[in-house]
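Biologist: I would like a close look at one helix, and then at what surrounds it in the fold. Please keep it brisk.

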Amino acid sequence: MRDSDIERVVLKPRVLIPFAVWQKIMAYILNCPVEINGFGVIEVGPFGVVVQDVFILQQFATPTGVETDQGTLDRFVAEMARTGGNPGLIKFQWHSHVSMPAYFSGVDTANIERWPGDWLISLVANKRGEFSCRLDVLRPIRVGIDIHPEIVSTIPMVTMEIAAHEVATKVRQAGFLRRSVPVTDGRPVVPSTHGLDLEEIEFVEQEPRSER
Ligand SMILES: [Zn+2]
């Protein structure tokens with residue numbers, strides 16, 4: 001078998017940082033004259049790992065280093081578990097290099113090695129908005145790869161609601177059922193014919209709903 005016959009599979013997980021979360025990280029960094037570090041809560045979804053939110057804890061910072069006290073982090077994790085949160089979702093850590101290049105230092109990689117969980121995404125950024133990101137799997141085998149996170153835009157809920165209302169009141173739809181879109185918990189549900197008697201289906205032109 002020639003080398004070229006071997007299918008080469010390179011899987012690199014996508015890391016998505018919603019723009020609002022990126023703005024929050026940069027707001028912390030820009031407001032801090034020294035190094036600052038924080039953590040983040042992630043969610044593993046169909047598109048990759050999404051950094052849902054970031055936060056900071058009490059920490060001791062100098063112009064060349066920053067450390068969150070382990071006891072502070074332990075207490076935060078315990079409180080999160082006590083109030084029904086899932087501390088296992090804290091798999092993102094970030095810190096600032098202030099105005100220095102945004103590369104992982106020896107101190108940074110030593111910190112990563114001490115991470116108690118199985119895997120972790122780390123980001124280092126500076127005030128110019130430059131950044132490096134990496135994924136480290138610590139157990140059961142050690143893997144570390146550079147990641148280029150995608151800073152993505154998300155649609156604010158209020159924008160979704162306004163658009164949904166305008167579509168409902170302004171868009172005349174032909175060929176749809178004469179029944180309004182079911183709503184559960186205030187969230188529109190995609191209409192479906194499941195559970196409907198097909199005999200009942202009546203294709204009509206749907207009038208725009210009147211303003212409430
Ligand atoms: Zn660093």
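How many residues does helix α2 have, and how far does it reach from its first C-alpha to its last?

Modeller: This is a predicted model, where local features need pLDDT of at least 70, side-chain atom pairs count only at pLDDT 80 or more, and totals for chains, interfaces and linings use all residues. Residues are numbered from 1 along each chain as its sequence is written.

Helix α2 spans residues 70-82 and has 13 residues. From first C-alpha to last, α2 reaches 18 Å, close to the 18 Å expected at 1.5 Å a residue (1.5 Å times one less than the number of residues). Of those 13 residues, the number buried is zero, so α2 lies largely in the open. Buried means 20 or more other C-beta atoms within 10 Å of a residue's own, exposed means 12 or fewer, and partly exposed is in between, with C-beta atoms placed from the backbone. Just after α2, G84 takes a positive phi of about 90°.

Now the setting. The protein has four helices and 14 strands. These are DSSP runs numbered from the N terminus: helices are H or I, at least four residues; strands are E, at least two. Of the 212 residues, 16% count as buried.

Eight strands form an open sheet with mixed pairing, in the order β9-β8-β7-β6-β2-β3-β1-β10. Its edge strands are β9 (143-146) and β10, each pairing on one side only. Neighbouring strands of this sheet are turned by 30° against each other on average, direction ignored (axes are lines fitted to C-alpha atoms).

Two strands pair if DSSP finds at least two bridges between them. Strand β1 (residues 15-18) pairs with β3 (residues 48-55) in the parallel sense over two bridges. There, V15 has V49 as its bridge partner. β1 also pairs with β10 (residues 150-152), parallel, over three bridges. Elsewhere, β6 (residues 90-96) and β7 (residues 119-125) run parallel over five bridges. Q93 is bridged to S122 in β7.

H95 lies in strand β6. In contrast to the residues of α2, H95 is buried, with 28 other C-beta atoms within 10 Å. The C-alpha atoms of H95 and L123 are separated by 6.6 Å, though the two are 28 residues apart along the chain. Leaving aside neighbours within four places in sequence, H95 is in contact with E35, I36, N37, V66 and V124 (contact: C-beta atoms, placed from the backbone, within 7 Å). Across the protein, residues 24 or more positions apart account for 62% of the contacts with a separation of 6 or more.

Notes. Contact = placed C-beta atoms within 7 Å. Axes fitted to C-alpha atoms, helices over the stretch in contact; angles between N-to-C directions.
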